[in-house]
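Me: I'm new to this one. Can you walk me through it?
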There are 2 protein chains.
Amino acid sequence: MAGTKERLVVIGGDAAGMSAASQARRLKGPDELEIVAFERSRFTSYSACGIPYWVGGDVAGRDELIARTPDEHRARAIDLRTRTEVLELDTARQRVRARDLESGDEGWTGYDKLVIATGARPVRPPLPGIDAPGVHGVQNLADGEALIASLDAARGRRAVVVGAGYIGVEMAEALVNRGFGVTVLNRGEQPMSTLDPDMGALVHGAMNGMGVTTVGGAEVTKVLTGEDGRVSAVATEDGTYPADVVVLGIGVTPETELARGAGLPLGASGGLLTDLAMRVRGHENVWAGGDCVEVLDLVSGTLRHVPLGTHANKHGQVIGSGVGGGYATFPGVVGTAVSKVCDLEIARTGLREKDARAVGLRYVTATIESTSRAGYYPGAAPMTVKMLAERRTGRLLGVQIVGREGAGKRVDVAAVALTARMTVEQMTALDLGYAPPFSPVWDPVLVAARKATAAVAKAGY
Amino acid sequence: MAGTKERLVVIGGDAAGMSAASQARRLKGPDELEIVAFERSRFTSYSACGIPYWVGGDVAGRDELIARTPDEHRARAIDLRTRTEVLELDTARQRVRARDLESGDEGWTGYDKLVIATGARPVRPPLPGIDAPGVHGVQNLADGEALIASLDAARGRRAVVVGAGYIGVEMAEALVNRGFGVTVLNRGEQPMSTLDPDMGALVHGAMNGMGVTTVGGAEVTKVLTGEDGRVSAVATEDGTYPADVVVLGIGVTPETELARGAGLPLGASGGLLTDLAMRVRGHENVWAGGDCVEVLDLVSGTLRHVPLGTHANKHGQVIGSGVGGGYATFPGVVGTAVSKVCDLEIARTGLREKDARAVGLRYVTATIESTSRAGYYPGAAPMTVKMLAERRTGRLLGVQIVGREGAGKRVDVAAVALTARMTVEQMTALDLGYAPPFSPVWDPVLVAARKATAAVAKAGY
């Protein structure tokens, strides 16, 4: 081996890790850079976001969700070791200890550069019965396989979904599509706590419209099991909900035990802290990205944990560029998310009212009703747009949209405007695409910007 | 009449004029401001952009396209005089001479403030036969009514559309929907010269796919008529195309004869020149907006004539604020336009290659293929995105998109980025909405931005 050849070790074979490995490989050939990647499961580079659609039957099978298989990575000169878990990280001696989960063999592997992409794990509150058969998270492909097997094996057709965020709402629809009667238990009063409650209420109505029972203010206390040990019901302080299968959609937490053990810096939500080049703070040769890191929220100036595949891919790209001797940065997020339940599109970007309050920002709000197309054009569907703007400055702080076809991706306009720190008044002049099949002559986002501009003026100095 | 009461005269009762009148009325009541509006036709505040859909049958009838009728305006204390044409403008004495087209009565009306919103008129080249019955423009509701009557009266089912811009393409589809065999004669080689030819070629294919015959490089020389004087064919230098009806879609020109007669400043394309508050240059009490003005192109720094309803409405809002004692400006456009032909969505913003060259900008281009949704999600449709970036600086210069459902409005992301003068590298980090039903994990616009970033780097200094 030539003295100049370096070894990159990647921990985690999904979006961030394998994007980093692939980008590094593009920039440096095997003669310059050896790449070893460890992955606990049998899968690499898959779309966890697609699992609800696989469960619901919109996606034919598991393999559809896999962007690149282990063998495809290996064909690109990446030494990918699946079913291998990294147990210990020793940054002082630049090595990791890994175990082959099939053979049980363990050993240390040294590195010159390290990428930590260990992802996140579903929150599983320590409740009685939470680990019973029939209770499922939906974080990875194995979870998806287990859930589908469980649905097929279920004695009845009653499902309980715990949590009403994106995953909970998408899983509720998936389970309805599979013929289950679905009850969603939600800690808050409205589903989609990623929206303000007034906008979440619109989602609530749509969920009930598709036959889902929603229970707000529901704190789960216990998972009950039958004689066979399998889940039979979910109990809250106020009631008991029979269940042949339970899906947990109560969020995820960064998978950073390994990093914590190595003394790497973690933030308030347990995610790794990095610099703009995605290097772990204080460690020039260690990068981290994806669902195991915290990112800068460009609107509030705070660090947040935002586990989304689209960020993980960007991180991987930035990390791979850095590892490979190139240059790229990840400036941060503005908090954009879109989702869909039946034909209802749900989108948000920037801050909710409570986010703004939490960071000391004073704001005004404006909520408008408009349509996706010119009112006279066939298929024009209603949409509600809520906009937050900072008092005095009028700077855009956030947008939430709930509507039908054509509503969700309109949030991108606001995402770019947030990135550019535009005021809502500047937004009123935006030259957005107009034609009757695409928009009313005033795009709904512009209508909201006009109303928000008036609200800023009215609130005064 | 109190000494402080002013009179506003508005010339033109469509989007810009009546938006201005309405906004001025919101800010000042009839005791402070008298508003007199002159409109040549019987209609006010209608959507000319909707005419193709009315002709094609997607919109039930004419009245669907009318946002506010003359009587609705009158109920808001606007003295609206329809079927009344302004013949002369005398800015020195602050008065206009108007004729009631029904009675023939003429007279002068004085003003304190004036709004010129005379719109645009379809280009009608001075060719033999161009004024024959059966040859139609589609600029206003009367044109639409005349065309529909002409289609109903046509002896055969052959239509020729002259021009393959937005109007031409939309009218071709409308005529197909009405059961006509359609030939589109286009001066350029590709339709949609608002796109670069490589992107226009994608539209060409789609038009042929819906059974429209397209003839490129076709310079119309003559309109032929039958024994009854009605159109029978259109001749070019290379051929003759039988036609029972002809639609002219070769663009519009600012309707500024009145302004020219009064010595008001006009630009290179014949549109009125205004300041940022939409006041006619050199005239503190005269505003102009809509299809009769030139606007600043924020990307190229040049003045352009961009006749679009969405701009006209914004102009009206700004003018009405100024007239009413408020404050608003129209900073300019970035050149966004969207259109649709069958299920093909066509969008552009910013500069085409030839626009960039014309203003001395050096650029690189990147073209990518992607999909509207995650590849595995049902309904994922292909789309092509072309991006132009300035050499050296990497500043975004323009984006063109051709694709199916979900393609068109993606151009808005680029429209905002152009307004904010972002570089394509900055765009690669944009936090756009991602979920499988809405986008691949890398939105097509981001994929294009990555490729354009690489192209900028490769082109070097």
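Me: At what angle do α1(B) and α8(B) pack, and how far apart are their axes?
Reply: Keep in mind that this is a predicted model. Helix α1 of chain B, residues 15–27, packs against α8(B) at about 30°. The axes are 7 Å apart.

Me: Which hand does the crossing of α1(B) and α8(B) have?
Reply: α1(B) crosses α8(B) in the right-handed sense.

Me: Which residues make that contact?
Reply: From α1(B), the residues include Ala15(B), Gly17(B), Ala20(B), Ala24(B) and Leu27(B). From α8(B), they include Gly309(B), Ala312(B), Gly316(B), Gly320(B) and Val323(B).

Me: How do the residues of that contact divide by class?
Reply: Ten are nonpolar and eleven are polar. No charged residues take part in the contact of α1(B) with α8(B).

Me: And in chain A, what is the angle between α1(A) and α8(A)?
Reply: About 30°, with the axes 7 Å apart. Here α8(A) covers residues 309–323. The crossing of α1(A) past α8(A) is right-handed.

Me: Which residues of α1(A) and α8(A) meet?
Reply: Among those in α1(A) are Met18(A), Ser19(A), Ala21(A), Ser22(A) and Gln23(A). Among those they meet in α8(A) are Asn313(A), His315(A), Gln317(A), Ile319(A) and Ser321(A). The class count for the contact of α1(A) with α8(A) is ten nonpolar, eleven polar and no charged.

Me: Which strands does α1(A) lie across?
Reply: β1, β2, β7 and β18 of chain A. Helix α1(A) runs at about 165° to β2(A).

Me: In what order do the strands of that sheet come?
Reply: The order is β3-β2-β1-β7-β18 in chain A. That makes an open sheet of five strands, with parallel pairing.

Me: Which strands sit at the edges?
Reply: β3(A), residues 79–81, and β18(A), residues 286–288. Each of them pairs on one side only. From one strand to the next, the twist averages 15°.

Me: How many bridges link β2(A) and β3(A)?
Reply: Three, in the parallel sense. Strand β2(A) covers residues 33–38.

Me: What is the bridge partner of Phe38(A)?
Reply: Arg81(A), in β3(A).

Me: Switching to chain B. How does the sheet β4-β5-β6 pair, parallel or antiparallel?
Reply: Antiparallel. Three strands form this open sheet in chain B. Its edge strands are β4(B), residues 84–90, and β6(B), residues 106–110. Neighbouring strands are turned by 30° against each other on average, direction ignored.

Me: How many bridges pair β4(B) with β5(B)?
Reply: Six, in the antiparallel sense. β5(B) spans residues 95–100. Leu89(B) stands opposite Val96(B) in that strand.

Me: New topic. What rotation superposes chain B on chain A?
Reply: A rotation of 180°, with 0.0 Å of shift along its axis. The RMSD is 0.0 Å. This is the relation of a two-fold axis.

Me: Which residue of chain B comes closest to the rotation axis?
Reply: Val413(B), with its C-alpha at 2.7 Å.

Me: Why say the copies meet through the same surface?
Reply: Because 100% of the interface residues of chain B are also interface residues in chain A.

Me: At what angle do α10(A) and α10(B) pack?
Reply: About 20°, with their axes 8 Å apart. So α10(A) is roughly parallel to α10(B). Their crossing is right-handed.

Me: Which residues make the contact of α10(A) with α10(B)?
Reply: α10(A) uses Asp412(A), Val413(A), Val416(A) and Ala417(A). α10(B) uses Asp412(B), Val413(B), Val416(B) and Ala417(B). By class, there are six nonpolar, no polar and two charged residues in this contact.

Key: Residues numbered from 1 in each chain as written. Chains lettered and ligands numbered in written order. Predicted model: local features only at pLDDT ≥ 70, side-chain atom pairs only at ≥ 80, totals over all residues. Least-squares fit on C-alpha atoms with pLDDT ≥ 70 in both. Contact = placed C-beta atoms within 7 Å. Pairing = 2+ DSSP bridges. Helix = DSSP H or I, 4+ residues; strand = E, 2+ residues; numbered from the N terminus. Axes fitted to C-alpha atoms, helices over the stretch in contact; angles between N-to-C directions. Parallel < 35°, antiparallel > 145°, perpendicular 65-115°, else oblique. Left-handed = near helix turned anticlockwise from the far one by under 90°. Nonpolar A, V, L, I, M, F, W, Y, C, P; charged D, E, K, R; others polar.
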